[in-house]
Amino acid sequence: MNQALKSLLDLLDLEQIEQDIFRGQSRSAVVPRVFGGQVAAQALVAAGRTVPAERHAHSLHAYFLRPGDPGAPIVYTVDRIRDGRSFTTRRVVAVQHGQPIFHLSASFQTYEDGLEHQAAMPPAPDPETLPTAAEMLPRYADAFVEPGVAERLLEAREAVDLRYVDAPPFGSVGTPKEPRSQVWFRTNGKLDGVIDEPLLHVCLATYVSDMTLLDSVLLAHGRGGWAVGDVVGASLDHAMWFHRPFRADEWLLYDQESPSASGGRGLGQARIYTRDGQLAISVIQEGVVRVPR
């Protein structure tokens with residue numbers, strides 16, 4: 001396990017400061033605010049810490065309310081909304097400097113047998129045939145508005161092995177494309193021992209899910225993103241459904257598309273598949289996508 005992955009796991013290991021109250025640390029992101037995937041993953045950790053281990057997360061719905069301060073800890077307060085015979089519901093509010101910056105509702109369920117069907121996994125090349133971030137990002141260093149952005153992106157994603165199937169938005173600026181994007185991802189190291197639990201894999205996938213989901217919005221308009229300086233953006237809300245077991249330290253295909261952009265907002269929707277074709281997660285996110293004036 002590399003140091004970056006260990007640091008990410010430490011970030012997700014919240015301190016319990018009172019019953020149903022937890023504190024998480026923050027770290028600098030590529031932009032001057034807390035990375036949204038970090039807040040969502042930490043909030044899900046907080047919710048999961050109040051739920052019996054035999055009940056697994058099956059959905060979350062969240063809103064990003066204010067930018068987080070990467071220089072300050074975040075306090076997560078959990079409300080135990082419902083404990084039913086099969087389902088458990090939790091609500092989490094993340095607070096910094098006395099103001100809510102994020103809230104999340106999550107539902108957990110005991111395992112049940114039931115009807116089974118799923119959408120088929122789309123074709124994609126093997127992840128090992130694709131360039132790593134360290135091989136790919138330096139190619140686009142000249143496209144970024146500031147020097148050092150490629151290095152900051154590499155550092156921010158060092159805990160995750162994330163590989164684009166096609167050129168990312170900042171690699172195809174000025175050329176509108178089909179609003180679809182695919183990436184393979186897994187943690188940059190195996191998760192073994194006492195930390196290897198189902199909730200951790202779900203929280204790690206939640207963390208990664210906020211990295212690239214709005215790429216398909218940018219591709220539709222030939223925009224490169226905040227690093228290129230041709231859009232200003234931020235996540236607004238985020239929803240995930242966890243359908244089947246998966247491991248975040250094994251390859252997952254993140255198949256993303258954008259059905260709509262309007263009113264300064266863009267919508268991304270996606271499916272995450274295991275390498276053997278099991279539909280593991282569905283994701284939907286809306287974000288601010290504004291053209292600078």
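**Exercise 1.** Find which residue of β6 is the bridge partner of Tyr63, and describe the pairing of the two strands around it.

*Solution.* In this predicted model, where local features need pLDDT of at least 70, side-chain atom pairs count only at pLDDT 80 or more, and totals for chains, interfaces and linings use all residues, the bridge partner of Tyr63 in β6 is His103. Residues are numbered from 1 along each chain as its sequence is written, and side-chain values use heavy atoms, with hydrogens and water left out. Next, look at the strands, which, like the helices, are DSSP runs numbered from the N terminus (helices: H or I, at least four residues; strands: E, at least two). Strand β3, residues 55-64, and strand β6, residues 99-110, run antiparallel and are joined by nine bridges; two strands pair if DSSP finds at least two bridges between them.

**Exercise 2.** Place the strands in their sheet and state which of them stand at the edges.

*Solution.* The open sheet has twelve strands with antiparallel pairing, in the order β1-β2-β4-β5-β6-β3-β9-β12-β11-β10-β8-β7. At the edges stand β1 (15-18) and β7 (160-164), each with a single partner strand, so one side of each is left without a neighbour in the sheet. From one strand to the next, the twist averages 25°, where angles run from 0 to 180 degrees between N-to-C directions and axes are lines fitted to C-alpha atoms, for helices over the stretch in contact.

**Exercise 3.** Work out how the axes of α2 and α5 are arranged, and which residues make the contact.

*Solution.* The two axes come within 7 Å and cross at roughly 160°. That makes α2 roughly antiparallel to α5, because angles over 145 degrees count as roughly antiparallel, under 35 as roughly parallel, 65 to 115 as roughly perpendicular and the rest as oblique. Contact means heavy atoms within 4.5 Å, and the contact here is made by Gly36, Gly37, Gln38, Ala40, Ala41, Leu44, Val45 and Gly48 of α2, together with Leu199, Val202, Cys203, Thr206, Tyr207 and Asp210 of α5.

**Exercise 4.** Decide whether Ala41 is buried or exposed, and list its contacts beyond its neighbours in sequence.

*Solution.* Ala41 is found in helix α2. Its relative accessible area is 0%, and Ala41 is therefore buried (buried means under 20%, exposed over 50%, partly exposed in between, with a 1.4 Å probe and protein chains only). Leaving aside neighbours within four places in sequence, Ala41 is in contact with Leu12, Cys203, Thr206 and Tyr207.
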